[in-house]
Protein chains: 2
Amino acid sequence: MKKITIYEVARESNVSLATVSRVINGSSVVKEETRKRVEEAINKLGYRPNAIAQGLALSKTTTVGLIIPSTSISFSGRVINGLCDVAKIYDYSVYLHTITEGVTDIKEIIDDVIKARVDGVIIYADKDLDDSVKLLEEYNIPMVVMCNRVSSENICSVFVDYKKAVYELCESYLQKGIEDIAILQDHRNDVVSNLMRSGAEEAFRKFGKEYKGYIEVSKDNRSTYKFLKSYFKNHKHQVFVANRDSQALAALNASTGHGIKVPEDMELICMNESKYTSSVRPEISSYVVPTYDLGAISMRLMTKMLKDEQVEEKEKCLNAIYSPKATTKD
Amino acid sequence: MKKITIYEVARESNVSLATVSRVINGSSVVKEETRKRVEEAINKLGYRPNAIAQGLALSKTTTVGLIIPSTSISFSGRVINGLCDVAKIYDYSVYLHTITEGVTDIKEIIDDVIKARVDGVIIYADKDLDDSVKLLEEYNIPMVVMCNRVSSENICSVFVDYKKAVYELCESYLQKGIEDIAILQDHRNDVVSNLMRSGAEEAFRKFGKEYKGYIEVSKDNRSTYKFLKSYFKNHKHQVFVANRDSQALAALNASTGHGIKVPEDMELICMNESKYTSSVRPEISSYVVPTYDLGAISMRLMTKMLKDEQVEEKEKCLNAIYSPKATTKD
DNA sequence: ACTGATTATGAAAATGTTTTCAATGATTAT
DNA sequence: ATAATCATTGAAAACATTTTCATAATCAGT
């Protein structure tokens with residue numbers, strides 16, 4: 001089982017390498033008759049171009065590196081779906097790297113994508129960006145940052161405006177005179193949490209008040225439920241906002257356990273809709289976050305940068321759409 | 001900003017390419033003093049080897065292709081985590097391809113991984129394997145198949161034994177004289193559903209009975225809930241088994257809506273534990289499926305094949321661990 | 001001081017493409 | 001018929017490595 005290279009195709013069809021290469025790449029200059037002959041040879045021999053050799057000759061790989069925290073994969077796997085779908089359309093391949101917090105050395109990952117000579121890097125950064133990422137900037141590699149607002153020559157960013165969402169949410173309650181709004185925060189000091197904070201604070205400031213309704217919990221689901229279970233024994237809130245769907249579920253179960261009815265006694269709102277927030281009863285009012293789009297748009301931006309198309313907006317802000325549930329019935 | 005190649009390093013450190021190459025690859029023959037000189041030059045110039053050129057020269061890329069249905073990413077994202085973690089340990093990179101049912105042409109994906117000259121392919125196949133996958137076999141590319149039992153020269157497989165799980169589950173109820181066991185099946189005729197079926201049927205056959213407790217529902221969560229809502233109006237079951245967590249949640253909500261208490265009136269069992277089955281109350285008895293291991297083991301097998309280590313077991317069968325919840329209280 | 005063995009290095013070929021430039025053959029206009 | 005243009009093709013360099021084979025340098029043993 002010998003390897004079939006462009007040489008074998010050339011010999012088989014009695015032309016030079018150059019011509020075969022032209023046929024592969026759809027160059028228009030080659031005569032119809034020769035093209036046919038070459039194509040037949042290609043099929044007959046089952047030849048497939050070697051992307052590695054192409055990469056070397058062209059100094060580009062039509063490959064983009066994706067760097068994403070492992071937690072985010074289970075949390076928002078559709079990001080990857082959107083990203084890959086668009087990549088496929090534009091004939092790019094995806095080189096995947098996951099970051100496991102406390103384990104992975106980001107430097108190694110950066111080293112690896114540079115070694116691999118990816119044409120660009122898309123990075124999902126729900127934390128502050130590591131300094132080492134700036135290495136990529138020095139390398140002049142086109143970058144798209146998801147979930148973080150970054151601006152620079154070679155960097156685009158795509159993010160969800162949680163700040164605005166929470167701002168408007170708080171504003172609408174404050175207008176109705178409701179100011180007992182609790183916001184659940186997990187310890188991880190992530191971008192979304194910060195945005196939610198500043199949204200709430202801004203809204204309250206507008207009404208001349210200071211916001212301080214944070215409830216801090218740990219990342220772990222079991223302990224979150226335990227905590228809330230005892231929390232709701234002595235606490236009541238008119239409005240309760242959670243970031244992740246599992247936290248909202250925990251809140252729902254913990255509160256109803258104490259006879260607090262959602263939404264009559266307490267409005268429960270989740271910042272990230274999922275199949276779970278909608279399959280539970282009562283349904284949990286949630287923000288639908290366009291995670292698929294987040295990935296898709298990021299990759300589209302990347303292809304624009306790589307093909308030197310005009311990038312009108314270097315910062316793309318997506319909105320989370322509020323989908324309130326009015327009743328416990330359906 | 002000139003590109004730094006091995007040539008520049010060679011010049012800077014006054015040695016030949018060959019020597020620099022040896023230093024990069026940790027060859028033992030180079031003199032300590034020269035090694036130092038070369039390493040200094042590498043650091044000074046910020047040189048990173050070009051994996052593409054290496055790939056060409058060595059005819060291997062230390063890269064494995066991962067082919068996975070997009071739905072499986074959100075369903076079992078931890079597969080990817082396990083896979084990537086192990087890949088990192090063995091210095092392999094992951095080339096990601098997603099399959100969107102009805103959209104993606106598998107042939108194109110196969111073409112692409114062949115073009116990319118990945119050293120091996122890991123494919124998550126919860127459906128029957130497409131014929132085109134056999135192309136890979138002809139190409140003699142080492143493969144690991146997840147979720148499907150396949151045997152062949154160059155193919156290993158790693159799967160979860162849902163059949164055994166359901167068999168034992170049914171058996172234990174039948175021994176107690178309980179035979180009213182309903183199994184929810186979504187339309188997609190996938191491997192897991194089939195395994196569950198044959199597990200149930202085998203158990204019933206052992207007791208001289210024929211199993212026919214399937215309930216067919218659509219894939220869509222909303223309509224599943226709707227369906228179950230009206231289903232539980234007129235139906236009762238002692239045991240109710242669902243495959244996916246969202247289906248179990250829907251079943252829980254729909255049944256309690258009609259005053260059916262879990263687990264007193266009906267045992268509810270989910271074949272795939274998730275943070276949702278455990279954060280809901282009453283907790284849903286579930287099988288903990290080692291998804292992380294599924295990925296990790298697959299990749300480990302792959303590295304063994306690629307490094308020509310001995311592969312003792314070409315088929316690795318993982319067990320789903322039953323975690324029954326005895327009470328509605330906690 | 002010389003031989004043989006050993007260690008360290010370099011020259012050059014090989015990996016599989018693309019692309020530039022030159023050359024050839026065909027076609028058109030004069 | 002001839003020059004000029006145009007369409008098609010091929011030779012060879014370039015891409016950045018690894019590796020084989022040969023050679024140079026060192027060293028030990030006589």
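This is a predicted model: local features need pLDDT of at least 70, side-chain atom pairs count only at pLDDT 80 or more; totals for chains, interfaces and linings use all residues.
The side chains of B:Asp111 and A:Arg48 come together in a salt bridge, with 2.2 Å from N to O.

**Where the chains meet**

- How many residues does each chain bring to the contact? Chain B brings 58 residues, and chain A brings 58 residues as well.
- Between chain B and chain A, an area of about 5200 Å² is buried. Carbon and sulfur atoms give 52% of that area.
- The rule finds 2 salt bridges across the interface of chain B and chain A.

**The domains of chain A**

- Chain A is divided into domain 1 (6-51), domain 2 (63-160 + 291-318) and domain 3 (162-288). If you follow the numbers, you will see that domain 2 is written as two stretches, 63-160 and 291-318.
- How far apart are the C-alpha centres of domain 1 and domain 2 of chain A? They lie 36 Å apart.

**Spaces inside**

- Rolling a probe the size of a water molecule over the atoms shows where empty space is left.
- A search of the whole structure turns up 4 cavities of 30 Å³ or more. The largest cavity has a volume of about 220 Å³.
- Sorted by class, the lining of the largest cavity holds 11 nonpolar, 5 polar and 4 charged residues.
- Several elements of chain A supply at least two residues each to the lining of the largest cavity: helix 5 (70-75), strand 5 (155-160), helix 10 (191-206) and helix 14 (291-306). Helix 10 of chain A gives the most, with 3 residues.
- Why can we say that the largest cavity lies between domain 2 and domain 3 of chain A? Both domains give residues to its lining, so the cavity lies between them.

**Salt bridges**

- Over all chains, the count by this rule comes to 26 salt bridges.
- One salt bridge to find in chain A joins the side chains of A:Arg197 and A:Glu216, at 3.4 Å from N to O. This pair links distant parts of the chain: A:Arg197 sits in helix 10 of chain A, while A:Glu216 belongs to strand 7 (residues 214-217), and the two are 19 residues apart.

**Backbone details to look for**

- In chain A, the peptide bond from A:Val262 to A:Pro263 is cis, and its omega is near 5°. You can find A:Pro263 in the loop between helix 12 (245-256) and strand 9 (267-270) of chain A.
- In chain B, B:Val262 and B:Pro263 are joined by a cis peptide bond with omega of about 5°. Look for B:Pro263 in the loop between helix 12 (245-256) and strand 9 (267-270) of chain B.
- Where does A:Asp91 lie? Its place is the loop between helix 6 (78-89) and strand 2 (93-99) of chain A. Phi of A:Asp91 is near 65°, a positive value in a residue other than glycine.

Terms used. Residues are numbered from 1 along each chain as its sequence is written. Chains are lettered from A and ligands numbered from 1 in the order in which they are written. Side-chain values use heavy atoms; hydrogens and water are left out. On a 1 Å grid over the protein atoms alone, a cavity is a set of points where a 1.4 Å probe fits but cannot get out, and a pocket is an open set with protein on both sides within 12 Å along at least five of seven lines; lining residues have an atom within 4 Å of a point. Grid points are joined across faces, edges and corners, and a volume is the space filled by probe spheres set on the points. Helices (H or I, at least four residues) and strands (E, at least two) are DSSP runs, numbered from the N terminus. Ala, Val, Leu, Ile, Met, Phe, Trp, Tyr, Cys and Pro count as nonpolar, Asp, Glu, Lys and Arg as charged, and the others, Gly among them, as polar. Domain bounds come from an automatic or database domain assignment. Contact means heavy atoms within 4.5 Å. Buried area is the accessible area (1.4 Å probe) that two parts lose on being put together, summed over both. A salt bridge is a side-chain nitrogen of Lys or Arg within 4 Å of a carboxyl oxygen of Asp or Glu.
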